[in-house]
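Could you walk me through this structure in plain words? I'm new to it and would like to know what to look at.

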Amino acid sequence: MVSVLIVITTVVAGWSLVAGRLEPRHVRAPLVLVLAGVGTGVFTHSHIAATLNSEVAQHVAEVILAVLLFVDATELPGGRLFGNDPGSAARALLVALPLSLITMVLLGMLLLPGLPVALLLLIACIVVPTDFAPAETLVRDRRIPARVRSVLNVESGYNDGIVSPLFLFALILVGTNSVTRTPVQALGTAVPFALKALVVGFALGALVAWLINMADRAGWMTEQSRRILVLVTPLLIYTVTTAMDGNGFVASFVCGIAFRYVRQAPVRRRGASAPPASDFQLIEDTNSMMTMCMWFFFGNAVVLALGEGIDWAAVVLCVAALTVVRILPIMLAFLGSTFTWRERLMVGALGPRGTTSIVFGLLAFNALPDGLYADTALYAMTLTVLGSVLLHGGGSMVIARSLTDQPPSGAGGPGSPETDEPDSAVFGMRS
């Protein structure tokens, strides 16, 4: 474990020194950490499974997911639940997302007929949610219509929070290391978990935000103490909820929503009242560091999964997850909308997978009994995210250019017309 920490910290330090030169060339931290993880995995292959399938790895993944969900939920533009275009975001989250999950399960039944439906549902929950870590420059590319970027950003921020209770249900249903349950028994466990999470997450999120408001008005807080409190809030909510036998992931997500609505701050530019960016600087930097660690372990998982050979049926399923399983539901969900066919295709084609899938995959690998089920979940996650890194990381700009009327001009680095800072329709990103 010490050697792993040495490698991670050395690679992160090296990348940090030259990030300003690498990022304009689309060489971002996830790619660097994946390559480091693959290189380390090749030389320590016998120790990879023990590292990934351990209690420590599981707890780390859980904490990272809790922080991710909280940060995602606090990024609400204009104080609206679904952003500046709530109707379009609702189509993507409440119509296209369920359709993608159902389509993924049906395709799994066709391509992998020997696996139970519960495991296929679990795999769908792992590989369907989008995340812009492999292709963050997309939401700054002004050749892509602003409303397309807004929908993509809102979707990537919320779909993991929506999927997480279903993920827990599927995980209970397919069987943990201790017991396999019927659907009714799984619902009997998952529903109380979710209900407790809704109550605890909303109550504590609103309470913490209200306390910050009061302490700010009384002048009791410093900027540093406020940043620290924001950082520990999702950790507090997650641990309290799990101690009460609730779903800590749902609680963290709901906590972020409640926190964002209750938190008050001095008026910012354009008259919008919102928490100052400095409140979230520490948690965003910590979140970035933790996700870098996840990408390193993903590199390890690539070596472990592909070292056993290639299952072509699983490869076809994962390719479908990145293409038709996403594009067709999006096209159906946006029927009757004001989006043009080109814009609908852009929303469907530009759906990268990243940290959320990695964390869900590692949690499933740890929770499921050793053997076919755990290996299949890890394999599906690895193939899908690896394919997304290749398709969306390297090819996202090609896809964006081919679907826009504007010709490319320039390298697309920071400050260039294509990757300027997002406008008011697009908000914070996860790196």
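Setting aside neighbours within four places in sequence, Ala-374 is in contact with Phe-365, Leu-368 and Pro-369, where contact means heavy atoms within 4.5 Å. You'll find Ala-374 in helix H16, residues 372–394; helices here are DSSP runs of H or I, at least four residues long, strands are runs of E of at least two, and both are numbered from the N terminus. Ala-374 has a relative accessible area of 1%, so it counts as buried. That label means under 20% relative accessible area, while exposed means over 50% and partly exposed is in between, using a 1.4 Å probe and protein chains only. Look across to Leu-119 as well: its C-alpha atom is 9.4 Å from that of Ala-374, although the two are 255 residues apart along the chain.

A word on what you're looking at. This is a predicted model, with residues numbered from 1 along each chain as its sequence is written. Local features need pLDDT of at least 70 and side-chain atom pairs count only at pLDDT 80 or more, while totals for chains, interfaces and linings use all residues, and side-chain values use heavy atoms, with hydrogens and water left out.

Now step back to the whole protein. It has 17 helices and 0 strands, and 55% of its 431 residues are buried. Among contacts with a separation of 6 or more, 80% are between residues 24 or more positions apart. The accessible surface, from the Shrake-Rupley method with a 1.4 Å probe and with only the protein chains shown counting as cover for residues, comes to about 17,700 Å², and carbon and sulfur atoms hold 68% of it.

What about the inside? A nonpolar core is a set of buried Ala, Val, Leu, Ile, Met, Phe, Trp, Tyr and Cys residues joined through side-chain atoms within 4.5 Å. The largest one has 109 residues, and Leu-122, Ile-126, Phe-167 and Leu-368 touch the most other members. Helix H11 (residues 281–306) gives the most to this core, with 13 residues. Another core lies apart from it, with 14 residues, including Ala-92 and Val-347.

With a relative accessible area of 2%, Val-67 is buried. Beyond its neighbours within four places in sequence, Val-67 is in contact with Pro-234, Leu-235, Ile-283, Asn-287 and Met-290. Val-232 is 165 residues from Val-67 in sequence, yet 9.2 Å from it in space, C-alpha to C-alpha.

The loops deserve a look too. Arg-263 is in the loop between helix H10 (248–262) and H11, and its relative accessibility is 4%, so it counts as buried. The side chain of Arg-263 makes a polar contact of 2.9 Å with that of Asn-213. Such a contact is a pair of N or O atoms within 3.5 Å; within protein, one must be able to donate a hydrogen and the other to accept it, and residues adjacent in sequence count only if both atoms are side-chain atoms.

Asp-245 is in another spot, the loop between helix H9 (223–243) and H10. Asp-245 is partly exposed, with a relative accessible area of 46%. Most residues other than glycine have a negative phi. Asp-245, however, has a positive phi, near 60°.
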